[in-house]
Amino acid sequence: MFWWVIVVAIGFSATPAQAQLPSGLTKSRWAMDDPEYAEKYSVGAEKTNVPGKIKQAADARFLKDSSGAYLSGGLTAFGQSSNPMGSLELGYAGYGTSFMANRMGFIAAANEDDYFLGGELGMRFQTPTRLAPFVGWGLFAGASSKSEPADDDNRDNDDDGDVDEWGEEEESFDGALMAIYPETGIHFWWTPRVRISGFGRYLVTTEGRDADSWYYGMSIAIMSK
Ligand SMILES: [Ca+2]
Ligand SMILES: [Ca+2]
C-alpha cells in the first residue's frame, strides 16, 4: 500500500512541466523562474560574498500568496486494528504569508480490516526558506468501519453459513472518527513551484487514548500565484 502511495505521488508530480531536476543545482539563484524573486536578485551576490550567496540560495519569501494542490500518502495505526493503515490525502493549500500555510482536503485510509473516509484541515508555520522545517496542527473528521462482536444475536452476520459461530462479528460503517494532531516536518522546494515534504503527526482520536498513534507521511504540492 505504502509503495503504491509513493508511485501515485511520483506520477502526480511527473507531468511534463514538472519533470525536472531541482532548480539551482549549479547556481545559488534558485528561483529565477519567479518574477518577484528574479527582480530582487537580478544582480546576484558577488562570488566572494558568501552570506549573500547563502541568502539568495535560501530565500523563499516570494511564496507569499501562492496556492495549489497537494497529494499526501502515509501510514498510521489508528483504530482498533494493529495493522497499519495506508492513507491518501488530496487537497488545496495556500500561503497567506511566506511563513504560514492553510490547507483543506479529503482523506481516505484503509487496511485489510478497516477503512476511513473523511475531510481534514490544518495550518503550518515554517521558515520562509527553500529547505523549511515546519510545525503545525490539523484536524480530521469522518466515518470509519467498525467491527462488533455478534455471536449472540441469532443471525449469520458475516454470511459464512454459520449462525453465531465463535468470534462472529458485525461490520458496519457508522463509526464517527475525529482526530486532532500536532505535527512537525520539513519542506523542500524542488523548484519554485513544486514542494516536497515529509512529516510526522501524533493523532489524538475520539477512539480513546489507547488508539492515539503516530502517522508518518510524504507529500507533494504544486503551487502557483
Ligand atoms: Ca457467521
Ligand atoms: Ca450472529
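Me: Which residue in β6 does Pro133 stand opposite?
Reply: Pro133 stands opposite Ile186 in β6. This is a predicted model, in which local features need pLDDT of at least 70 and side-chain atom pairs count only at pLDDT 80 or more, while totals for chains, interfaces and linings use all residues. Residues are numbered from 1 along each chain as its sequence is written, and chains are lettered from A and ligands numbered from 1 in the order in which they are written.

Me: What makes β5 and β6 a pair?
Reply: Two strands pair if DSSP finds at least two bridges between them. Strand β5 (residues 131–149) and strand β6 (residues 169–189) have 18 bridges and run antiparallel, so they meet that definition. Strands themselves are DSSP runs of E, at least two residues long, numbered from the N terminus.

Me: How many bridges join β1 to β8?
Reply: β1 and β8 (residues 213–224) are joined by 10 bridges in the antiparallel sense; Leu75 has Tyr216 as its bridge partner in β8. With β2 (residues 85–97), β1 (residues 67–76) also pairs antiparallel over 10 bridges, and there Thr76 is partnered by Met85.

Me: What barrel do the strands form?
Reply: The barrel is closed, with 8 strands in the order β1-β2-β3-β4-β5-β6-β7-β8 and antiparallel pairing.

Me: Why is Asp114 called buried?
Reply: A residue is buried if 20 or more other C-beta atoms, placed from the backbone, lie within 10 Å of its own, exposed if 12 or fewer, and partly exposed in between. Asp114 has 21 such neighbours, so it counts as buried.

Me: Where is Asp114 found?
Reply: Asp114 is in the loop between β3 (100–110) and β4 (115–126). Its C-alpha atom is separated by 7.2 Å from that of Ser144, 30 residues apart along the chain.

Notes: Helix = DSSP H or I, 4+ residues; strand = E, 2+ residues; numbered from the N terminus.
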